[in-house]
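Please open the structure in a viewer and keep the selection tool at hand.

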Amino acid sequence: MALEIERKFLVRDTDITDTLAGERLTQGYLSHDKNATVRVRIAGDSAWLTIKGKTEGATRSEFEYPVPVEDANAMLNELCGQGVIDKTRYRLPQGDLCWEIDVFHGDNEGLIVAEIELPSEDTTFDRPDWLGEEVTGEVRYYNSALSSTPYKHWTN
């Protein structure tokens with residue numbers, strides 16, 4: 001089974017992305033079930049369906065399958081409705097690991113989150129100075145949650 005082990009943090013120094021090349025991502029959710037989410041994502045001329053299981057600690061099952069971009073666009077337009085996520089992703093390697101920094105646009109403008117995928121939950125890693133508060137496990141920061149309750153609607 002494919003597993004995703006990921007820790008998530010807010011970014012307090014937004015200048016970190018100034019020298020990095022970003023990739024625009026558009027994604028929407030076909031299912032928001034608490035035990036499994038189904039996402040469609042487009043990045044450039046590629047698209048995927050991703051199924052993610054329930055998070056336990058920092059780990060969840062994850063299955064990803066390529067789909068034609070035309071199909072992904074149709075799913076976003078016809079099946080995802082409101083709440084399509086628009087963000088730019090920046091990648092910053094750190095040794096064998098890589099930080100993914102997501103700068104959100106649209107209804108989630110102002111939110112910047114960094115994630116690091118780990119080989120195991122007990123993997124140690126350096127915490128760069130630009131990292132802020134850890135939000136691993138805080139459901140409202142999941143992209144699936146942001147698609148239904150965008151950052152601009154948060155009271156705090």
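**A tour of charged and buried sites**

Select arginine 91 and glutamate 100 to begin: the two form a salt bridge, with their closest N and O atoms 3.6 Å apart. A salt bridge here is a side-chain nitrogen of Lys or Arg within 4 Å of a carboxyl oxygen of Asp or Glu. Arginine 91 is partly exposed, at 39% relative accessibility; buried means under 20% relative accessible area, exposed over 50%, and partly exposed in between, with a 1.4 Å probe and protein chains only.

The model on display is predicted, so local features need pLDDT of at least 70 and side-chain atom pairs count only at pLDDT 80 or more, while totals for chains, interfaces and linings use all residues. Residues are numbered from 1 along each chain as its sequence is written, and side-chain values use heavy atoms, leaving out hydrogens and water.

Next, select lysine 152 and aspartate 107, whose salt bridge has its closest N and O atoms 3.1 Å apart. Lysine 152 lies in the segment after α2 (143-148) and aspartate 107 in the loop between β7 (97-104) and β8, so this pair ties together parts 45 residues apart in sequence. Helices (H or I, at least four residues) and strands (E, at least two) are DSSP runs, numbered from the N terminus. Lysine 152 is exposed, at 52% relative accessibility, whereas aspartate 107 is partly exposed, at 39%.

Now select Lys8, Glu23, Lys87, Arg89, Arg91, Glu100, Asp102 and Glu115 together: salt bridges that share partners join these residues into one network. The count of salt bridges in the model comes to 14.

Within that selection, turn to glutamate 115 and arginine 89, whose side chains meet in a salt bridge of 4.0 Å, N to O. Glutamate 115 belongs to strand β8 (residues 112-117) and arginine 89 to strand β6 (residues 85-94), so the pair ties together parts that are 26 residues apart in sequence. Is glutamate 115 buried or exposed? Glutamate 115 is buried, with a relative accessible area of 5%, and arginine 89 is likewise buried, at 5%.

Then select threonine 17, in the loop between β1 (3-11) and β2 (22-33). Threonine 17 is buried, with a relative accessible area of 12%. Leaving aside residues up to four places away in sequence, threonine 17 touches Tyr90, Ile101 and Val103, where contact means heavy atoms within 4.5 Å.

Finish at aspartate 129, in the loop between β8 and β9 (131-134). Aspartate 129 is exposed, at 67% relative accessibility.
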